[in-house]
Amino acid sequence: MNNKRKIKKKKRIRWSLLLWSGMILLTGCSYSRGVTAEGLVPAEETGTEGWPVTEAQTEPVQKEILVYVCGAVRTPGVYALPETARLYEAVERAGGFLETADQEWLNQAEGLQDGEMVRIYTRDETDGLKRQGMYGGEASGQSGGALVNLNTADREELMTLAGIGEAKADAILAYRQEHGGFRTIEEIMEISGIKEAVYLKIKDRITV
């Protein structure tokens, strides 16, 4: 009888060991393959910790430009804007137009350049510019006006050109002084900060 009991006991121990071994193998398999709410994840789709591998969600970084907005706006100042921003967005960042602003003098859909100065004129100021033959009113469809001579224009005249602020006007004057004047209107693109985008805006307004 004792021998039979010993045999039965050994069998129970053996089955218990087999059962535990099977549970350990199943548990290890689950961790190696990863577990989600939908069930097991194939091992090749999991990371070192057994979690599903997902691609990093990256978005392109939007570059910014700095634009100085002044004149007939509520809060003049330098503002950081997306490089794709338009003139009307710069005005909005500066608090919007004052009641005295001539909103039709500039093309509000015009693109902007880094370091550009946007000056919003009052109606009294634009009336004075019109009497002097200065160009304006791009938004209202005007296509004529007095040409700005790069070799004779002063600082204020140069700043009536789209995209030409104080810094660029001073650069034009300095270039003119150093090189004895401009030979062609295309030569203006030799000045730092004045590239093709700015040139295309003003080429019909400048002469030498």
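Trainee: How many helices and strands does the protein chain have?
Mentor: This is a predicted model. Its protein chain has 6 helices and 7 strands.

Trainee: In what order do the elements run from the N terminus on?
Mentor: The order is α-β-β-β-β-α-β-α-β-α-α-α-β.

Trainee: What share of the residues is buried?
Mentor: Buried residues make up 32% of the 208 in the protein chain.

Trainee: And the contacts? What share joins residues 24 or more positions apart?
Mentor: Take the contacts with a separation of 6 or more. Residues 24 or more positions apart account for 44% of those.

Trainee: On to the strands. How do S3 and S4 run?
Mentor: Strand S3 covers residues 64–71 and strand S4 covers residues 77–82. They run antiparallel, joined by 6 bridges. The two form a hairpin, with 5 residues between them.

Trainee: Which residue in S4 is the bridge partner of Glu64?
Mentor: That is Pro82. Further along, Val67 stands opposite Tyr79 in S4.

Trainee: In which sense do S3 and S5 pair?
Mentor: Those two pair in the parallel sense, over 4 bridges. Gly71 has Ile120 of S5 as its bridge partner.

Trainee: Where do side chains point along a strand?
Mentor: In a regular strand they alternate between the two faces of the sheet.

Trainee: Let's go inside. Which residues of the largest nonpolar core touch the most other members?
Mentor: They are Leu158, Ile164, Ile172, Ile188 and Ile202, out of 22 residues in that core. Helix H5 (166–179) and helix H6 (196–202) each supply at least two residues of this core.

Trainee: Pick Ile172. What does it touch?
Mentor: Set aside residues up to four places away in sequence. Ile172 then touches Leu158, Ile164, Phe182, Ile188, Ile191 and Ile194.

Trainee: What about the second core? Which residues does it include?
Mentor: The second core is separate and has 17 residues. Among them are Ile65, Val67, Phe97 and Ile120.

Trainee: How much space lies in the second largest cavity?
Mentor: About 40 Å³.

Trainee: Which residues line it, the second largest cavity?
Mentor: Leu87, Phe97, Asp102, Gln103, Trp105, Leu106, Gln108, Ile120 and Tyr121. By class, that lining has 6 nonpolar, 2 polar and 1 charged residues. Phe97 and Ile120 also belong to the second core.

Trainee: Now the loops. Where is Glu104 found?
Mentor: Glu104 sits in the loop between helix H2 (87–93) and strand S5 (117–120).

Trainee: Why does Glu104 count as exposed?
Mentor: Because its relative accessibility is 53%, and exposed means over 50%.

Trainee: Where is the place of Gly115?
Mentor: Gly115 is also in the loop between H2 and S5. Leaving aside neighbours within four places in sequence, Gly115 is in contact with Leu66 and Lys168. The C-alpha atoms of Gly115 and Gly193 are separated by 8.2 Å, and the two are 78 residues apart along the chain.

Trainee: And Thr122, where is its place?
Mentor: Thr122 is in the loop between S5 and helix H3 (123–131). Beyond its neighbours within four places in sequence, Thr122 is in contact with Ala72, Thr100, Ala101 and Asp102. Asp102 also lines the second largest cavity.

Trainee: Last one. Where does Lys203 lie?
Mentor: Lys203 lies in the loop between H6 and strand S7 (206–207). At 31% relative accessibility, Lys203 counts as partly exposed. Lys203 and Leu161 are 42 residues apart in sequence, and their C-alpha atoms are 9.7 Å apart in space.

Definitions and conventions
Residues numbered from 1 in each chain as written. Predicted model: local features only at pLDDT ≥ 70, side-chain atom pairs only at ≥ 80, totals over all residues. Heavy atoms only, no water. 1 Å grid on protein atoms, 1.4 Å probe; cavity = no way out; pocket = protein on both sides within 12 Å on 5 of 7 lines; lining within 4 Å. Points joined across faces, edges and corners; volume = space filled by probe spheres on them. Nonpolar A, V, L, I, M, F, W, Y, C, P; charged D, E, K, R; others polar. Core = buried A, V, L, I, M, F, W, Y, C linked by side-chain atoms within 4.5 Å. Buried < 20%, exposed > 50% of the residue type's maximum accessible area, 1.4 Å probe, protein only. Contact = heavy atoms within 4.5 Å. Pairing = 2+ DSSP bridges.
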